[in-house]
Amino acid sequence: MKRWTPKAIATEAKLLLIGIPVLLWTLIPVYHMVLFAISSKDSATSGHLWPKNPTLDNFRIVFQQKHFYLDHFWLQLWNSLLIAVSVGALTLFVATTAAFAISRLRVRGGRTVMNLALFTYFIPAAFLAVPMYKTMGNYGLLNSQWSLILAMVTIASPYCIWVLKQASDKLPYELDEAARMDGASPLQLFRLVYLPLMVPSLVAVGTYSLLLAWNEYLYAFLLLSNDRSVTLAVALGNFLSADDSPWELLMATGLIYALPPAAIYYAFKRYMVGGLTAGAVKS
Amino acid sequence: MSSTATATAAPLPAPLVNLGARHARWQFWGAVMVVPYLLVFVVFVLYPVGYGLWLARHPQSYVKLVEDPIFFRSVINTAIFLVVAINIKMLVALVLSGFFVTSRWWIKIISAIFILPWAMPSIPTILSIRFMLNPEWGVINSTIFRLTGADGPNWLNDPALALTFAMVVHVWKSLPFWTLILVAGRLAIPTEQYEAASVDGASSWQKFRFVSWPALKTLYITSLILSMIWTLGDFNSVYLLTGGGPADLTHVLATLGIRYLRLDQVDLSMASIVVALPLVLPLVYFMMKRLSK
């Protein structure tokens, strides 16, 4: 630690002057959610910074599904999980095979496929939602969870292909040559050489697509409507339609819904930050 | 794509015929392995986009659209959103990226917390902000009441305030991501350049002006444009905060298309997206040029 000269103190003070507002700005909405989630119905709206009698009752009500908005809480939580995991797995499959073929097998037309993927990556999500909704209707997939899974794979895979292709190109080509000389087939090269070396990037894009699907609201609310098939995000949105919504239950449910992605993000932060910053914008 | 030649120019003692057959086999597997993505693209991008354009083919849709006062308002709102929110967000991200590259133990902690809005799903966090703005019992107005004894404004009932808060929500949610990108950009600048500047007696502003900014400029502009494209598609910030209200005055193009869809006016819905294409496509073209070398 350096010495506390007046100049050093002034620097620290200036940094704190940025750091404290940044912290407040980030945390106030999150703290507000936590505050609601642990307040009883009467004290939730009292405007205090900390409830007089903090309680976990709201969580009990949510877990026991003791409110008509929460009739299918566990099922909807399961739907969110199932859809997110399916999207993660399918996206990984689609993106990894494509990136391998383009980067390592140098398939003809690979560049065109990359451009198609980039184009998709840049379409504003809400603009694709309307034609996607009509298309799912044409395919007879509306209200089936497949519609949401396939829509999210479509949205997640371009970015994942992009990141994986960037990472693939960095692997030394001598590895492939050595494998070829040993008589490896393309699939063996893929399975035995490529996949093990790509693990960090695979974790990054897998987590990315899983979180994207878990956090999605617009597509989920357009494509699914049955109470038993919707995700928890859509169920939370449905609270909005009531005049006297039970805010404290909504915030407790919201907190339960928001915690897994935050936890997963922190667990895989090491992989995610590298993948994201390398892939999102190449300078 | 630069070293395509090495694939076939490997110094192999094997006969050339063998090599050709092997090459064909690898190309075959390559083709098989891009098929899953191509299928996804054709079935869920190409067909929907084509079908959407086909649904938007009637000129009268555009006449009806332009005659709808809500459409005009949405275009203005979208423009405000893009120009004001994006520029504020990117400038703040630029400043904060300088803060976050400073090495202090407590700044590391703040940077871990700072990512939360981006890592958490939109719906619970935006609803939390919405409740804070509730005119009767929201935390903002109850604080105003306690401090001054007067009732605070009905924030989301005023279209200008409601749109402003939608922009605040947008910035709150996406600022961490862009800060992270610019932090990565700053970390790539060699420290010797700053040391050299210090030796020359440069002030912090001069260090930014002559070292950081030249290195970050391209990344900053790319981020600005990508952020614009994505913000055009930001449905959540407006819909979850204001629902387009009051009186449909805070819609942006992203929520307007969905509004028409919910009213079963699919032709208007598609038309409202098609009119945005002259803005979107040049930006997309620019990004593709930048990223696909």
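Colleague: How many residue pairs are in polar contact between chain A and chain B?

Modeller: This is a predicted model. Between chain A and chain B there are twelve residue pairs in polar contact, counting pairs with both residues at pLDDT 80 or more.

Colleague: Which element of chain A gives the most to the side that touches chain B?

Modeller: That is helix α1, residues 6–37, which contributes 17 residues. By class, the side of chain A that touches chain B has 71 nonpolar residues, along with 19 polar and ten charged ones.

Colleague: What is the count of salt bridges between chain A and chain B?

Modeller: The count is one. B:Arg104 pairs with A:Glu12, and their closest N and O atoms are 2.5 Å apart.

Colleague: How should I read the extent of the interface?

Modeller: Take the residues in contact, then the area. Here 100 residues of chain A are in contact with 102 residues of chain B. About 9,600 Å² is buried between the two chains, and carbon and sulfur atoms give 78% of that area.

Colleague: What does the secondary structure of chain B come to?

Modeller: Chain B has 15 helices and zero strands.

Colleague: What share of the residues in chain B is buried?

Modeller: Buried residues account for 50% of the 293. As for contacts in chain B between residues at least 6 apart in sequence, 72% join residues at least 24 apart.

Key:
Residues numbered from 1 in each chain as written. Chains lettered and ligands numbered in written order. Predicted model: local features only at pLDDT ≥ 70, side-chain atom pairs only at ≥ 80, totals over all residues. Heavy atoms only, no water. Contact = heavy atoms within 4.5 Å. Buried area = accessible area lost by both parts, 1.4 Å probe. Salt bridge = Lys/Arg side-chain N within 4 Å of Asp/Glu carboxyl O. Polar contact = N/O pair within 3.5 Å; in protein donor to acceptor, adjacent residues only side chain to side chain. Helix = DSSP H or I, 4+ residues; strand = E, 2+ residues; numbered from the N terminus. Nonpolar A, V, L, I, M, F, W, Y, C, P; charged D, E, K, R; others polar. Buried < 20%, exposed > 50% of the residue type's maximum accessible area, 1.4 Å probe, protein only.
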